Amino acid sequence: MIKKCKLDFEKCIEEIKSRILNNGGLIFAEIDHSKNASDVALSLDDDKVIFFGNPKAGTILMQVNRKISYDLPLRIAVWKENNEVYIEYKMPSEIAKEYGIIHDIVKKMDEFINSILRELIV
């Protein structure tokens with residue numbers, strides 16, 4: 001899903017990261033595509049991807065179907081385009097469905113994503 005964010009780029013990134021950590025998640029990596037572009041003398045508006053999750057939840061899904069490891073950890077992309085900030089993400093239930101996984105933990109993971117994005121998106 002792609003949604004507009006109510007905040008400016010940096011505040012959006014800070015808020016998402018804070019909410020991940022405050023809700024018991026871990027941040028595994030942050031990719032700064034605009035910095036990487038700059039490093040090779042190219043220009044790109046602000047663009048970052050945050051990789052995050054909870055190993056307890058992700059491991060349960062991988063125990064059901066190891067192939068889901070390709071789409072884990074979860075990620076949220078945030079970028080700026082035409083002075084608007086966008087957030088892109090996939091709900092864990094969408095990802096689980098792609099792998100034929102039905103498990104109670106998926107609902108909790110969806111709630112986790114919703115708690116991170118609540119009040120940030122238009």
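Helix α1 passes helix α5 in a right-handed crossing. Here, a crossing is right-handed if the near helix is turned clockwise from the far one by less than a right angle, and left-handed if anticlockwise. The contact is built from I16, R19 and I20 on the α1 side and F112, S115, I116 and L117 on the α5 side, where contact means heavy atoms within 4.5 Å. Sorted by class, the residues where α1 touches α5 are five nonpolar, one polar and one charged. In this scheme Ala, Val, Leu, Ile, Met, Phe, Trp, Tyr, Cys and Pro count as nonpolar, Asp, Glu, Lys and Arg as charged, and the others, Gly among them, as polar.

Before going further, a word on the model. It is a predicted one, with local features needing pLDDT of at least 70 and side-chain atom pairs counted only at pLDDT 80 or more, while totals for chains, interfaces and linings use all residues. Residues are numbered from 1 along each chain as its sequence is written, and side-chain values use heavy atoms, with hydrogens and water left out.

## Helices packing on α5

How do the axes of α1 and α5 run? Helix α1 covers residues 9-22 and helix α5 residues 104-117; their axes come within 8 Å and cross at roughly 140°. That angle makes α1 oblique to α5. Angles under 35 degrees count as roughly parallel, over 145 as roughly antiparallel, 65 to 115 as roughly perpendicular, and the rest as oblique. The axes are lines fitted to C-alpha atoms, for helices over the stretch in contact, and the angles run from 0 to 180 degrees between N-to-C directions. Helices (H or I, at least four residues) and strands (E, at least two) are DSSP runs, numbered from the N terminus.

Now to α3. The axes of helix α3 (residues 55-64) and α5 come within 10 Å, crossing at roughly 140°. This makes α3 oblique to α5, and the crossing of the two is left-handed. From α3, the residues A57, I60 and L61 meet I105, V106 and M109 of α5. By class, that contact holds six nonpolar, no polar and no charged residues.

The rule asks for a pair of cysteine sulfur atoms within 2.5 Å, and by it the count comes to zero disulfides. Both residues are buried: C5 has 7% relative accessibility, and C12 has a relative accessible area of 0%. Buried means under 20% relative accessible area, exposed over 50%, and partly exposed in between, for a 1.4 Å probe and protein chains only.

## Helix α2 and residues along the chain

Helix α2 spans residues 33-39 and includes A37. A37 is buried, at 12% relative accessible area. Leaving aside its neighbours within four places in sequence, A37 is in contact with L42 and L44. D39 also lies in helix α2, but D39 is exposed, at 51% relative accessible area. Back in the loop between β1 (2-4) and α1 we find D8, which counts as partly exposed at 43% relative accessibility.

| Pair | Apart in sequence | C-alpha separation |
|---|---|---|
| A37 and D47 | 10 residues | 9.9 Å |
| D39 and I60 | 21 residues | 38 Å |
| D8 and H33 | 25 residues | 17 Å |

## Backbone points to look at

Which residues does the cis peptide bond join? The cis bond joins L72 and P73, with omega about 0°. P73 sits in the loop between α3 and β4 (74-81).

Two residues have a positive phi without being glycine. N82 has a phi of about 55° and is found in the loop between β4 and β5 (84-89). N82 counts as exposed, at 67% relative accessibility. E119 has a phi of about 70° and lies in the segment after α5. E119 is exposed too, with a relative accessible area of 63%.
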